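Subject: Structure handover and findings

Dear colleague,

Please find below the structure that I am handing over to you.

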Amino acid sequence: MTKTEAKHRIDQLKEVIAEHRYNYHVLDKATISDAALDSLKHELYKLEQEYPDLITPDSPTQRVGGKPLPKFEKVTHKRSMLSMEDVFTREEFESWIARVQKLSTSLPTYFCMPKLDGLAVSLVYKNGVLVTAATRGDGNVGEDVTQNVKTIESVPLRLRLLTTPNPRKGAWPPRGFTPSLKRRGDPQYIEVRGEVYFPVKAFEKMNKELEREGKPTFANPRNTAAGSVRQLDSSITASRGLAFIAWDLDADFGQETMEEEWKILEDLGFRPAPESKRFDSIDAIENYWKWLQEKRDQLGYWVDGMVVRVNENDLYEKLGVVGKTPRGLVAWKFPAEEATTKVKEIQWTVGRTGALTPVAVVEPTWIGGTTVQHASLHNIDEIERLDVREGDTVILYKAGDIIPKIKETIIKLRPTQTQKTKAPTSCPVCGSKVERREKEVAIYCTNPKCFVQDREAILHAARAFAIDGLGPQTIASLLENGIITSPADLFLLKPGDVLGLEGFADLSAKKLVEQIQSRKSISLPNFILALGIRNVGEQTAIDIARHFGTLERVMMATLDDLMEVEGIGDVVARSVREYFDQEHNQKLVEHFLKNGVEVHKPMTTKKTSATGKTFVVTGTLESLSRDDAKEAIRRAGGKVAGSVSKKTDFVVVGENSGSKFEEAKKLGVPTLSEKEFIDMLSASI
Ligand SMILES: [Zn+2]
């Protein structure tokens, strides 16, 4: 290939790659597979390696930055990056509107857009090519973060409009434009401003990966986005999956309104917030504000309010700037996703990797539409940074739909006697030794089975309480997020606690909590079973419950008392006694009761011919399920066995009974039909 041919091919490749980028990031359409796109980029890369002088700054291969920088250079903004006035209520918003209308000769319209919680960045394009990306800084002087911003795929390296004669079929002038609209002013210089942000999915993905590696996770997407842009090593920025949304165009294409500007931004290759809309009445704007607030969890990025800008550019200019804020622009913020509360307790939970995570149990408080009672604390470094202690008053905040975090400890409200929070020296879950691995902030339990045991114990209890819809996955994330630390905590769950977890939406969170609440009442045998005492299975739990009658008596029973229970030997008696001797087990029982669990006495059994007899049930019964049949036998004071032996008193034979029926005949064990069985249970003797 000659150099001329190579140049031609390079130009073509750049154009095709840029087109697919535009389709994906602006139009939200995937028009090529990742693999095919990579393959095109690779071809381009190889050609450029062969002819290095053909590399241009707008080439997609230049997104992966060069060497780490020693420091950021300063950039002076051509036009100050102003800030915005905030309003919080309709009254405040109305008075802003009134001020605008006073200075206006005709009735203005308003352009409303989501207010992204990200990092404001200014992009300067010369002759259509990105030359500088700068942070806001103090509004006049920012930092040069070009190398980093280039790694963000939704930032075009070259503007479409100025390079492609016919960007979209018939797209210029853009949709809804007057044909007379032409490019005016200096074509060499175009500035676009917008927000670098962390897409919710990318943020959660990154945190999941960190968690899996046992590393500390990031709490705040806004700060993390800002931190990612301000990296001297651009390969770190590139790895984060950041995105860009444009909200301001400083170039004259003859646009007369913000709405037109929005369309031009799109045609230049940017993605402005697609939810943005023009309105002309306060009511319509308020409805949009409410709608946005309801939709916020589905937008894919974090928003903390709505920006309202006077749509007509001439009026906007005329309104001017007061201090550092333009008069034609206002941010109508959402109600605070922050609240203060008190830390009741700091607990440590064990994650999948064995890492111990601290969690603050707080007094229930209302944030962002839900009641919360837990806040993540991440690790001991975070505790030290916040200096949070049991008894402290703290500011909680919620970002998106994730579990709330502690923003700040209000030291001045600290009670006189508090203790500095320390990392545990032994695992609070299993009692094993803990270790702090080199170069890591996390503390680990040295028992490799710790997490699984914890999860299994809760799963076991949930089954004994017959709670549906609470599988090992859900229990694992409840544990890992520190929302529960013991099975007793299940009864304290509020929909807001569950809502942030994977696979839970409003309705399913509410359903799970209702389901758990409906299981608060439990029979004594099932409660004993739920405790997960070693060697105590279903039948043993029934035997114990029946013998002692009340929970108090079971807990007080001596070894000798326990040995008196029919069918209980030395081993079982010992493990029951040992269980109730341990303080944390007594506390668990206490917590169950305190959290609203009611243990009801076993029903007084009426004496029937079934009382004291051992049954085997085989085949399908018509009027009741196998489980119901077993329950009926137990309630009548009988026992259920799994296989037929000489000790079996009766075999209940249903439809399609198999080998057990044969066995009964062989051993001469009496058999009962379904009807005979039911009659036996219902007739007192
Ligand atoms: Zn442990």
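This is a predicted model: local features need pLDDT of at least 70, side-chain atom pairs count only at pLDDT 80 or more; totals for chains, interfaces and linings use all residues.

Metal site

For reference, the ideal angle for four tetrahedral donors is 109.5 degrees.

Cysteine 430, at 30% relative accessibility, counts as partly exposed.

Helix pair

Helix 20 (residues 570-581) packs against helix 21 (residues 583-594) at an angle of about 80 degrees, and the two axes are 5 Å apart. Helix 20 is therefore roughly perpendicular to helix 21, because angles of 65 to 115 degrees fall in that class. Helix 20 contributes Tyr579, Phe580 and Asp581 to the contact, while helix 21 contributes Glu583, Asn585, Gln586, Leu588 and Val589. Sorted by class, the residues in this contact of helix 20 with helix 21 are four nonpolar, two polar and two charged.

Loop residues

Two residues other than glycine with positive phi values may be of interest when you check the backbone.

- Aspartate 387 has phi near 45 degrees. It sits in the loop between helix 11 (380-386) and strand 17 (393-397). With a relative accessible area of 18%, aspartate 387 is buried.
- Asparagine 656 has phi near 55 degrees. Its place is in the loop that runs between strand 25 (650-653) and helix 23 (659-667). Asparagine 656 is exposed, its relative accessible area being 73%.

Threonine 620 is found in the loop between strand 23 (614-618) and helix 22 (626-635). Its relative accessibility of 49% makes it partly exposed, because a residue must be over 50% to count as exposed. Which residues does threonine 620 touch, leaving aside its neighbours within four places in sequence? Beyond those neighbours, threonine 620 is in contact with Gly654 and Glu655. The C-alpha atom of threonine 620 is separated by 49 Å from that of glutamate 204, and the two residues are 416 residues apart along the chain.

Yours sincerely

Note on methods. Residues are numbered from 1 along each chain as its sequence is written. Side-chain values use heavy atoms; hydrogens and water are left out. Buried means under 20% relative accessible area, exposed over 50%, partly exposed in between (1.4 Å probe, protein chains only). Axes are lines fitted to C-alpha atoms, for helices over the stretch in contact, and angles run from 0 to 180 degrees between N-to-C directions. Helices (H or I, at least four residues) and strands (E, at least two) are DSSP runs, numbered from the N terminus. Angles under 35 degrees count as roughly parallel, over 145 as roughly antiparallel, 65 to 115 as roughly perpendicular and the rest as oblique. Contact means heavy atoms within 4.5 Å. Ala, Val, Leu, Ile, Met, Phe, Trp, Tyr, Cys and Pro count as nonpolar, Asp, Glu, Lys and Arg as charged, and the others, Gly among them, as polar.
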